[in-house]
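Hi,

Here is the structure I promised to pass on. Have a look at it first, and then read on for what turned up.

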Amino acid sequence: MLKYTIQRLFSLIPILLVVAVIVFLLAHMTPGDPVTVLLGDEASEEAKAELRHELGFDLPVYTQFVNWFTGVVTGDLGMSFFLKKPVTEVFADYLGPTISLAIYAQIIAIVISLFLGVIAAKKRGTFTDQTVMGFSLLGISVPSFLVGLFLILLFAVQLQWFPVAGYRPLSEGLWEHLRYLTLPAIALGMMQAGLITRMTRSSMLDVMKSNYIKTAKSKGLHQNRITYKHALRNSFIPILTVIGESFGTLITGAAVVETVFNIPGIGQLIVNSIERRDFTVIQGTVLLITVTYVLLNLTVDLLYGVVDPRVRLNRKK
Amino acid sequence: MRKFLISFLFLSLIFALVACGGEEESSDAEGSSESQGGEASVSVDASLNVAYPTNLQTLDPHLTTNQSTRDVSRQIYEQLLTLNENYEVVPSLAESYEVSEDGLVYTFHLREGVTFHNGEEMQAEDVVASMEKWMETSTQGKANLTGAEFVEVDPYTVELHIDQASLIIPYVLADTAPFPAIVPKESVESAVETGLTEYIGTGPFQLEEWNVDQYIHLTRFDEYQSREEESSGLAGKKEALVKDIYFRIVTDPSTRVAGVSTGEYDIAMDIPLDSAEQLSSSAGVDPVYSDGGISTYVFNNKAGAFADAALRQAFNTALNAQEAMTAAYTNEEFFKLDSGLALPSQVNWHSEAGRENYNQGDIEKAKQLVEESSYSGEELTILTTKDYQDHYNLAVVAQQVLEAIGVKAKLDVYDWPTFQEIRTEPTNYDMFAMTFAVRPTLHQYPFLDSKAEYPGWTDSEEIDHLLDEITEQKNFEDAKPLVDELQQVVWDYLPVAKVGNQQDLVAVSDKVKGYTDLIGPIFWNVSKSE
């Protein structure tokens with residue numbers, strides 16, 4: 001197990017190298033420059049050229065890459081031109097809201113989808129099954145910004161149960177924190193809920209056909225005990241894969257929801273950094289997200305062994 | 001079928017509940033609004049929540065022409081001279097000023113007892129340091145005050161020495177972006193190449209916290225020394241009537257609209273004009289319109305088909321300004337048709353000369369002009385962005401106008417930063433639609449003077465000469481015929497084709513009183529009832 005984990009961590013190096021080169025090139029080949037954003041639309045070319053020179057933005061691209069990459073190797077992702085802070089510090093500042101939002105969205109998605117998925121599997125082919133599947137299809141196909149706007153209109157503007165937008169950190173109280181995060185978490189979690197519901201249903205159906213379930217039934221075990229103790233646990237591997245992958249998507253895909261609900265998370269940081277062409281932040285954030293994504297996948301792989309003893313790697317034959 | 005009917009009825013019930021909820025809420029809100037009218041009391045400890053559309057890149061007002069910096073900075077900093085509601089220059093931090101007979105020395109007598117937010121008194125050395133920084137870093141300072149020098153005479157007197165007399169100097173010093181804010185000498189000394197690192201001014205509000213990308217929190221400056229004249233535009237008496245102002249950065253326009261409707265925000269800036277109807281039906285929210293600036297088409301005068309003035313004239317002849325402005329701003333309420341580059345309220349600068357060339361909509365005459373031009377059937381490129389919907393809508397109109405007169409045209413659409421870079425290369429495009437904020441003088445529009453090298457690259461000796469000649473006049477009475485002549489030449493040469501004056505829409509809660517605007521929002525003298 002330890003050897004496997006170390007191997008996986010080493011495999012990060014080539015991935016990060018490729019990502020670093022691609023992101024750097026993409027950022028620098030995209031037209032638009034931070035100096036124009038800073039000085040404004042009507043600033044003279046002379047003033048822009050002067051500032052570009054002072055900040056080293058007129059150096060050849062390869063020199064800029066070497067300077068940046070040398071820093072990355074030593075753990076220095078550079079300074080944000082606009083935020084005047086190291087990129088790692090900026091990433092840490094913006095990660096909190098995104099993690100909170102992603103966890104809350106994931107919890108909502110898991111609760112809804114396990115409940116609905118199991119019901120749909122149990123009532124296969126009935127009206128309930130069709131309704132649940134219709135709901136999950138809706139969750140997958142309706143874009144999160146649309147769900148977000150609909151939720152704002154209904155629960156914030158009409159019913160006024162939740163605030164329209166904004167973010168309050170956990171330090172201002174759990175209730176206040178959740179009040180601001182509930183609508184965005186639902187908007188973000190809807191697609192995951194749809195995916196996990198479908199996976200739960202199909203995985204449960206496969207397991208329900210197994211001989212040991214038939215044996216359990218013939219032994220006269222209670223239906224709920226069969227469903228939740230035997231069937232659900234054994235069908236959990238594919239569900240866990242979807243949950244793991246979708247959590248990565250929640251972190252990286254929250255940009256739209258964060259923009260609609262005005263949450264200062266990683267998604268909004270990337271959008272804002274692209275708008276102001278803050279190259280070091282774009283590069284550093286994408287690198288750190290790649291690391292997060294790979295580590296999440298590794299965690300899910302390791303969790304397989306916890307859920308299902310048959311896939312434990314250090315089991316001696 | 002039965003199941004389908006049950007589902008349908010269930011969904012209908014949900015929608016009915018939502019609709020009823022809305023109506024009840026609306027009538028409640030109206031009720032409370034009426035009662036507030038009678039019982040509302042102004043709170044001196046109130047917080048004003050402003051939903052602001054764009055992120056700030058800097059709080060150094062010397063550095064940038066960005067509107068976001070201007071809008072927040074003007075609450076924190078003040079300048080020697082400023083503009084009143086008639087766009088006239090009046091003293092602000094200067095008690096008074098006088099100009100020498102030859103027009104080469106301006107003497108500013110500073111107000112005594114004015115303190116910075118750090119508690120230090122503002123004196124001549126701070127003014128000299130601030131103005132020197134502004135002259136070095138700002139586009140306006142560099143363009144209009146080359147070789148100028150600020151000199152400390154005594155702690156409360158400063159002189160500006162210039163090489164050549166210029167009528168527009170007071171206007172340049174009263175400019176709104178980049179504006180010559182007076183900051184402590186120490187702040188100037190600690191500034192880096194990307195601007196100030198501490199944000200200390202003399203204004204009615206001081207910076208409490210800048211949480212980048214989230215909010216800017218200003219608090220009332222209790223030691224603020226106000227002028228006593230009646231408040232007018234950016235001038236006169238200023239009172240911080242609320243304790244806190246939060247500029248909350250809300251980039252999504254529908255969130256701003258929804259937020260001001262629910263009372264989450266007290267003021268929402270830059271409301272899309274197509275939301276005006278929704279706002280007018282929201283209880284407790286009033287739409288406020290203000291002069292947004294001028295809408296234009298900027299031609300590439302340096303390369304391509306529009307380098308030929310005949311084709312520029314053909315486009316302008318075909319242009320129906322009423323239709324173009326309606327396409328961009330949806331409704332006649334939201335724009336005004338006017339041929340002048342300055343607003344009619346800018347009495348010293350507004351001119352109707354050349355009006356006959358404006359809003360012609362004459363397609364047949366335009367086609368004839370195309371024939372007479374050097375246009376040879378190539379496809380023209382209209383550069384635009386969807387980041388500003390009005391720019392994009394105007395670009396679509398331009399494409400239709402060109403096609404109507406037999407000129408092929410395509411749209412090249414980019415995001416705003418890409419647009420800004422593409423625009424710097426003359427071979428990339430033929431025209432773009434652009435709005436410009438109101439400027440105190442015609443000289444400050446970047447598209448007239450060839451020396452500014454603004455994209456479009458106007459290169460008219462006549463315009464350059466008239467701009468210089470205006471500055472050489474002793475007063476506006478003498479300058480007026482030249483302003484008229486300049487306006488006429490602009491319509492003949494067509495560096496840009498003026499389309500109209502657009503209005504900005506701000507949504508203001510009816511709990512808020514006293515909100516005004518002059519080239520940006522003004523938050524002093526604004527009160528809020530609880």
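Which residue forms a salt bridge with Arg439(B)? The partner is Asp175(B), and the closest N and O atoms of the pair are 2.9 Å apart. Before you go further, keep in mind that this is a predicted model.

**The two domains of chain B**

Chain B splits into domain 1 (51-284 + 510-528) and domain 2 (293-504). Taken over C-alpha atoms, the centres of domain 1 and domain 2 of chain B are 29 Å apart. Where the two meet, 19 residues of domain 1 of chain B are in contact with 24 residues of domain 2 of chain B. Together domain 1 and domain 2 of chain B bury about 1,800 Å², with 63% of that coming from carbon and sulfur atoms. On the domain 1 side of chain B, Leu167(B), Tyr171(B) and Leu273(B) give 39% of the area buried against domain 2, more than any other three residues.

As for polar links, the count between domain 1 and domain 2 of chain B is 1 salt bridge, and there are 5 residue pairs in polar contact (both at pLDDT 80 or more). On the side of domain 1 of chain B that touches domain 2, α2 and α5 (169-173) each supply at least two residues.

**Packing inside chain B**

Next, the nonpolar cores. The largest one has 105 residues, and the members that touch the most others are Leu80(B), Phe150(B), Leu160(B), Leu173(B) and Ile267(B). Helix α15 (residues 476-493) of chain B brings the largest share of this core, 8 residues. The core also takes at least three residues from each of domain 1 (51-284 + 510-528) and domain 2 (293-504) of chain B. Apart from this core there is another one of 80 residues, including Val260(B), Tyr265(B), Ala328(B) and Leu380(B).

Setting aside neighbours within four places in sequence, Leu173(B) is in contact with Gln79(B), Leu81(B), Phe108(B), Met131(B), Trp134(B), Leu145(B), Phe150(B), Leu160(B) and Pro180(B).

**A buried histidine**

His62(B) sits in the loop between β1 (47-52) and α2 (67-76) of chain B. Buried or exposed: which is His62(B)? His62(B) counts as buried because its relative accessible area is 0%, and the cut-off for buried is under 20%. Its side chain makes a polar contact with the side chain of Lys133(B) at 3.1 Å. A polar atom of the His62(B) side chain also lies 2.8 Å from the backbone oxygen of Ala181(B). Not counting residues up to four places away in sequence, His62(B) touches a set of residues that includes Ser130(B), Trp134(B), Thr137(B), Pro178(B) and Phe179(B).

A cis peptide bond joins Ala177(B) to Pro178(B), with omega at about -5 degrees. Pro178(B) is in the loop between α5 and α6 (185-189) of chain B.

One is Tyr87(B), at about 60 degrees, in the loop between β2 (81-83) and β3 (89-91) of chain B. Tyr87(B) is buried, with a relative accessible area of 6%. The other is Lys84(A), at about 55 degrees, in the loop between α5 (61-73) and α6 (87-122) of chain A. Lys84(A) is partly exposed, at 35% relative accessibility.

**Where chain B meets chain A**

Finally, the interface. Here 46 residues of chain B are in contact with 46 residues of chain A. The two chains bury about 4,000 Å² between them, 52% of it on carbon and sulfur atoms. In chain B, the residues losing the most area to chain A are Gln57(B), Thr194(B) and Asp213(B), together 14% of what that side buries.

Between chain B and chain A the count is 2 salt bridges, along with 15 residue pairs in polar contact (both at pLDDT 80 or more). One salt bridge to find on screen is Asp415(B) with Arg277(A), where the closest N and O atoms are 3.0 Å apart. The largest share of the side of chain B that touches chain A, 6 residues, comes from α1(B).

Cheers

Note on methods
Residues numbered from 1 in each chain as written. Chains lettered and ligands numbered in written order. Predicted model: local features only at pLDDT ≥ 70, side-chain atom pairs only at ≥ 80, totals over all residues. Heavy atoms only, no water. Core = buried A, V, L, I, M, F, W, Y, C linked by side-chain atoms within 4.5 Å. Buried < 20%, exposed > 50% of the residue type's maximum accessible area, 1.4 Å probe, protein only. Helix = DSSP H or I, 4+ residues; strand = E, 2+ residues; numbered from the N terminus. Domains from an automatic or database assignment. Contact = heavy atoms within 4.5 Å. Polar contact = N/O pair within 3.5 Å; in protein donor to acceptor, adjacent residues only side chain to side chain. Buried area = accessible area lost by both parts, 1.4 Å probe. Salt bridge = Lys/Arg side-chain N within 4 Å of Asp/Glu carboxyl O.
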